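Reader: I have a structure open on my screen and would like to talk it through with you. Could you take me through it step by step?

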2 protein chains.
Amino acid sequence: MLSTGKGSISLYMQIRDMLVSKVGKGEWLPGSIIPSEVNLAQELGVSQGTVRKAITELVESNVLTRRQGRGTFVSMHNIDRALFHFFHISDNKGHKVLPDSNVLQCRRKPATRIESSKLHLEAGTSVIRIERMRRISDKPTMVETITLPADLFADLVEGGGYELPNTLYELYEQRYGITIHSADEQLRAIAASKHDAKILNLEAGTPLLEIERVALTLDRTPVELRVSRCSTRNHHYHNTIF
Amino acid sequence: MLSTGKGSISLYMQIRDMLVSKVGKGEWLPGSIIPSEVNLAQELGVSQGTVRKAITELVESNVLTRRQGRGTFVSMHNIDRALFHFFHISDNKGHKVLPDSNVLQCRRKPATRIESSKLHLEAGTSVIRIERMRRISDKPTMVETITLPADLFADLVEGGGYELPNTLYELYEQRYGITIHSADEQLRAIAASKHDAKILNLEAGTPLLEIERVALTLDRTPVELRVSRCSTRNHHYHNTIF
DNA sequence: GTCAAGTAGTCTTATATAAGACCTGAAAAT
DNA sequence: ATTTTCAGGTCTTATATAAGACTACTTGAC
């Protein structure tokens with residue numbers, strides 16, 4: 001079961017990877033409690049400290065969440081995580097406010113070359129494309145285009161009786177069992193197109209901050225491409241380097 | 001010496017903070033080796049594991065660097081760290097190249113209101129202001145304005161016989177004993193001024209990515225304000241969210 | 001209802017063993 | 001005589017185990 005031979009990775013790493021796969025394949029669902037450190041240790045025939053070290057790494061990478069006296073849980077997407085972890089726009093006083101959003105379009109289309117390349121899809125695969133406008137404190141601030149592989153989010157485009165919520169990652173998790181775990185972002189300055197300008201109520205050509213994000217699951221499969229074009233008149237993108 | 005009373009922070013935290021202060025006040029210099037875990041444990045009257053936990057946190061926050069079989073060292077600014085940790089511009093294939101730089105100006109001036117606010121200085125304090133142009137693969141790409149408190153970097157403006165190197169953080173560390181440890185960045189899209197346009201060889205009004213960085217020491221004292229305006233025609237700012 | 005004891009979980013510290021890096025000196029090769 | 005190679009010793013960090021302390025919730029007595 002557990003390899004201990006020469007050249008193998010260490011015990012705690014094997015345990016860590018096993019825990020990851022339990023979460024990854026949905027055996028343990030987001031929000032649910034996992035067995036206690038002592039239980040896992042007994043079951044796997046190792047000491048508590050070893051299990052603990054494995055869990056510690058997963059807590060650091062946000063896969064699990066510990067609560068002293070309660071237990072260890074599979075991390076969930078709640079509004080706080082969306083806000084503090086994945087949303088990087090602040091106002092010029094440094095305060096974060098989650099914008100509300102207005103869906104402008106939601107269509108099923110063949111993927112463009114860029115979309116299929118970023119999402120690792122075959123050329124021409126069906127994707128769902130959502131366009132929305134986001135307001136921060138009632139001012140139109142961002143235009144967002146979100147692309148999803150249609151096979152993973154099959155019934156989304158028909159909008160099966162529910163409205164698109166403000167924080168999509170919660171929806172992906174609860175309704176499609178897909179947990180966004182990390183993301184890669186590329187930022188550029190671009191000129192507002194006429195289309196952007198109209199939606200954001202400013203002049204074409206105004207410089208906008210374009211954020212192109214590829215969101216990944218635990219096993220680093222890309223599942224969402226999101227291009228946001230933001231007016232940075234009253235806001236900015238914030239990043240802390242440790 | 002070490003507090004163990006009720007309500008106190010834990011042992012390993014006290015040790016961690018003590019180690020930080022040794023680095024912070026220059027008792028242990030960047031690049032030098034620190035006493036071994038066993039030595040420290042003996043000296044402090046705790047076990048190796050406790051010292052180890054303290055050190056682990058500092059390794060994770062990049063204050064210390066471990067090398068198995070060698071020892072633990074105070075982290076240094078080398079070109080790799082500058083490149084991978086503090087420099088976030090990549091070309092559109094995702095490759096990072098450190099730009100070279102051309103100093104355009106280096107003057108001692110009174111701080112503007114923005115500068116004194118961002119650097120926590122009294123209004124009107126003397127600062128050193130450096131303007132430089134940076135090329136990536138021979139193409140002018142960024143205009144940078146760097147502001148430093150004059151008292152900390154006294155002889156820099158006269159350029160005491162040395163050229164400004166490409167990677168300034170190495171200079172701050174080696175010549176002024178100031179180690180940059182973290183940074184806060186704000187990103188915006190702006191229109192190129194005539195001055196920027198001339199230097200970067202493009203048209204005024206072109207959208208540029210403006211990065212405003214405040215660099216901090218270990219104890220979070222701000223010591224550098226750096227405003228970079230980048231053409232994002234061939235490059236972008238890259239950020240990974242874990 | 002309130003409070004106290006019990007229980008099940010994580011947190012902290014301590015100790016032992018393993019594995020990696022480097023140095024030194026003797027033996028072997030040139 | 002000089003250089004190279006190799007083995008052992010010693011110092012380092014890395015990993016694993018164990019035990020007591022702390023915390024949050026539950027249950028039962030009053």
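Author: Gladly, and please keep in mind that this is a predicted model.

Reader: Which residue of S8(B) is the bridge partner of Thr240(A)?

Author: The partner of Thr240(A) in that strand is Asp184(B).

Reader: OK, and stepping back, how many residues of each chain are in contact?

Author: On the chain A side there are 30 residues in contact, and they face 29 residues of chain B. Together the two chains bury about 2500 Å², with 52% of that area on carbon and sulfur atoms.

Reader: Which elements of chain A supply the side that touches chain B?

Author: Helix H4 (79–86) and the strands S7 (182–191), S8 (207–216) and S10 (235–241) of chain A each supply at least two residues. The largest share comes from S7(A), which gives 10 residues. By residue class, that side of chain A divides into 12 nonpolar, 13 polar and 5 charged.

Reader: With charged residues there, how many salt bridges are counted between chain A and chain B?

Author: The count is 0 salt bridges between chain A and chain B, although the rule does find 19 residue pairs in polar contact across the interface, both residues being at pLDDT 80 or more.

Reader: Switching topic, what joins S2 and S3 within chain B?

Author: Strand S2 (residues 64–67) and strand S3 (residues 71–74) of chain B run antiparallel and are joined by 4 bridges, and within this pairing Thr65(B) has Phe73(B) as its bridge partner.

Reader: And which residue in that hairpin takes a positive phi?

Author: That is Gly69(B), with a positive phi near 80°, in a hairpin that has 3 residues between the strands S2(B) and S3(B).

Definitions and conventions: Residues numbered from 1 in each chain as written. Chains lettered and ligands numbered in written order. Predicted model: local features only at pLDDT ≥ 70, side-chain atom pairs only at ≥ 80, totals over all residues. Heavy atoms only, no water. Contact = heavy atoms within 4.5 Å. Buried area = accessible area lost by both parts, 1.4 Å probe. Salt bridge = Lys/Arg side-chain N within 4 Å of Asp/Glu carboxyl O. Polar contact = N/O pair within 3.5 Å; in protein donor to acceptor, adjacent residues only side chain to side chain. Nonpolar A, V, L, I, M, F, W, Y, C, P; charged D, E, K, R; others polar. Pairing = 2+ DSSP bridges.
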